[in-house]
Amino acid sequence: MSPATSKAGLLDRGIASLKGIGPAKAELLAKELQIFSLGDLVYSYPFRYVDRTQFHQIIDILPDQGNVQLKGKLVTLTRRGENRKQRMVGRLRDESGAALELVWFRGINYLDRTYQIGEEYVVYGKVEEFNGKLSITHPEMELAKRAVTEDAATFEPVYASTEKLNKRGLDTRGRRKLIRAIIDQLSPADLPDMLPAYLIEELRLLSHYDAVRMIHLPGNQEELEAARRRLKFEELFLLQMRLLQLKVSREARVAGYAFGQIGEHFNTFFTQHLPFTLTGAQKRVLREIRHDLGRGIQMNRLLQGDVGSGKTMVGLMSMLMALDNGFQACMMAPTEILAYQHYESIQDYLRGMDLRVAFLSGSVKGKARRELLEELAEGRIDILLGTHALIEPPVVFKNLGLAIIDEQHRFGVKQRAKLWKKNTPYPPHVLVMTATPIPRTLAMTAYGDLDVSVIDELPPGRTPIKTVHFTEHRRERVFGRIREEIAKGRQAYIVYPLIEENEKLDLLALEVAYDEMLDRFPRPDYQISVVHGRMKPQDKDFEMARFKNGETQIMMATTVIEVGVNVPNATIMVIVHTERFGLSQLHQLRGRVGRGAEESFCILLSSVKLSKESRKRIKTMVDTTDGFKIAEADLQLRGPGMIDGTQQSGVLQMRIADLAQDGRILSAARDRAKDILEQDPKLQRPEHLLLGRYLEHHMKTVKGWSLIS
Ligand code: ADP
Ligand code: MG
């Protein structure tokens with residue numbers, strides 16, 4: 001709690017101190033919602049509000065209307081189905097005369113005892129349509145007479161609850177009573193303001209105290225909006241303050257090598273070996289990296305660039321900077337195939353230069369491995385490429401100056417930490433490269449303490465990929481298109497989903513599909529490769545190599561080909577069961593084509609029946625190839641917690657701010673936080689004292705933020 005609270009904080013008291021909360025209920029609240037103190041209750045904001053005066057008429061409801069509030073009579077309530085598949089189905093009829101179904105799959109016995117046929121209820125939930133019938137699954141429901149009489153206010157908060165809490169009277173109504181009781185006792189001194197007064201004034205924000213009160217018990221829409229704005233800003237601002245403080249302190253603490261010079265290797269490569277002109281974005285990013293490497297502070301930079309934007313070259317040229325300063329460098333990829341591809345292309349780029357490049361993975365064994373490790377320790381290897389085998393303990397560098405991690409989302413935070421320890425006295429500089437564009441708001445939070453570079457430009461001369469959507473019954477057309485491409489000497493990918501829980505079934509489906517393909521594309525005119533995640537790495541590599549060398553024309557694969565695989569002659573990709581892939585995955589997959597000069601195609605096959613969300617995903621893929629736009633759409637569809645690369649980040653569990661919606665508030669918050677830290681880095685000015693103390697004492701205790709501190 002805030003140290004600024006003088007009274008032995010009211011908010012620190014356990015919830016058992018509340019009237020009506022005995023040890024059993026207290027335990028339940030702790031277990032179900034991690035609510036221990038009055039403060040926890042106060043800071044669990046409502047997740048929505050109901051205007052109790054507004055009802056929809058069932059007769060007017062449209063199938064995709066979303067959430068509705070209804071008032072009607074429960075006319076039937078019956079159990080259906082057997083044992084484990086049992087469900088409860090009720091019918092609600094309102095004054096419009098129409099009815100819809102209410103469906104429950106859980107807590108059936110409880111429902112039986114709770115709801116009475118013939119009573120009038122207020123029902124809230126999301127309407128769905130099945131076979132032309134409207135229904136609401138697991139609706140929120142309460143007796144209409146209680147709903148109107150007990151709460152005088154028409155604008156009611158709704159709190160998160162669980163089945164168990166509901167049964168013990170701690171449903172949203174019970175929670176409302178508790179909150180009201182606490183708020184009646186609170187004074188502004190219990191909820192002092194941590195934001196500087198000038199900021200509150202300038203941004204016309206409510207005080208912390210008022211905002212907390214009004215978020216729970218808004219008198220009207222305006223109060224609610226003002227409370228939301230204040231609390232969202234506060235949450236995002238404090239988070240940014242924390243992230244930026246961490247960055248400043250890390251930079252002060254973690255010294256690094258200063259790569260002061262650009263030397264022979266870099267210059268020779270640049271003038272004599274670089275096979276193309278760098279794009280403007282590549283140049284800019286290299287300047288950013290060069291600046292970082294020269295500062296004598298460990299670099300921690302995230303490089304975002306869409307598939308095909310030329311990150312490998314940026315990585316290579318950064319490694320040359322390390323070499324020019326007498327250091328070794330390494331680059332890691334998440335799979336053997338990708339790592340080996342780096343090895344090959346980097347060897348290619350460096351041909352004719354006197355540098356020793358080596359490859360290490362789990363499959364390098366025995367004598368070869370021993371020799372390699374020896375050479376590495378003696379500093380005879382300049383650049384090491386490989387899988388995460390590179391960061392295992394037996395691998396010792398002589399002097400590792402720069403480590404690059406490609407396709408970052410598959411590397412965990414822990415693995416990154418291992419890397420840091422790979423060198424003494426200073427940790428190597430770290431460059432993390434990702435082809436999964438992360439929406440700006442997420443980058444600013446999940447990676448807020450890293451520096452971020454973006455390659456937002458593709459090399460010239462690429463013809464954009466044409467993407468179309470076909471339903472399954474047009475497969476023949478699709479096979480025809482594949483034949484056309486192959487007739488032109490090109491190659492094709494056919495991608496099948498493979499979902500882990502369902503792996504056996506999916507592999508079976510892949511086999512069936514393979515048989516079908518053999519019928520359509522018979523040998524010897526056609527050769528087909530199959531690659532999936534269950535194959536031995538050698539077999540996989542063998543098949544990949546055959547496809548790469550043009551010995552096979554069709555590559556049937558699961559998502560193992562997702563990242564990085566580079567076969568410029570492949571010009572058509574068919575994705576089967578597109579609806580089963582996520583947006584970022586589809587984007588990654590599509591990036592496997594369109595790598596050469598020829599026009600490329602991506603065909604998204606799906607079933608005819610699609611959910612609204614699948615339809616949106618497919619439309620996004622057809623409409624754009626811009627990875628950042630796709631990432632934004634993904635964020636809107638799935639919410640921040642589900643975006644690749646951010647799952648490990650506790651910072652995304654926010655109380656009120658929503659990274660899909662609150663981008664502008666976030667930018668403002670970050671700007672303000674930056675300004676303040678620039679002018680008063682230690683927060684010693686009188687107007688910042690409370691803020692400083694708050695950050696110091698309070699932020700460490702915020703749930704889920706431990707990961708960033
Ligand atoms: P990614 O960012 O997906 O890792 P790569 O580094 O594999 O992209 O680059 C994709 C392709 O583009 C490679 O064949 C590479 O040689 C080529 N490439 C990279 N930069 C340029 C450039 N500036 N001009 C032309 N081609 C480039
Ligand atoms: Mg790459």
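Let's start with a nonpolar patch on the surface, made up of Leu505, Leu508 and Val512, which together have about 300 Å² of accessible area. That area is a Shrake-Rupley value with a 1.4 Å probe, and for residues only the protein chains shown count as cover. A patch here takes residues with over 30% relative accessible area and no salt bridge, joining nonpolar side chains (Val, Leu, Ile, Met, Phe, Trp, Tyr) within 5 Å and like charges within 9 Å. A salt bridge, in turn, is a side-chain nitrogen of Lys or Arg within 4 Å of a carboxyl oxygen of Asp or Glu.

A word on the source, everyone: this is a predicted model, where local features need pLDDT of at least 70, side-chain atom pairs count only at pLDDT 80 or more, and totals for chains, interfaces and linings use all residues. Residues are numbered from 1 along each chain as its sequence is written, chains are lettered from A and ligands numbered from 1 in the order written, and side-chain values use heavy atoms, leaving out hydrogens and water.

Back to Val512, which sits in helix α18, residues 503-520. Helices (H or I, at least four residues) and strands (E, at least two) are DSSP runs, numbered from the N terminus. Val512 is exposed, at 55% relative accessible area; exposed means over 50%, buried under 20%, and partly exposed in between, with a 1.4 Å probe and protein chains only.

Now, is Leu683 buried or exposed? Leu683 is buried, at 5% relative accessibility, and its phi is near 55°, a positive value in a residue other than glycine.
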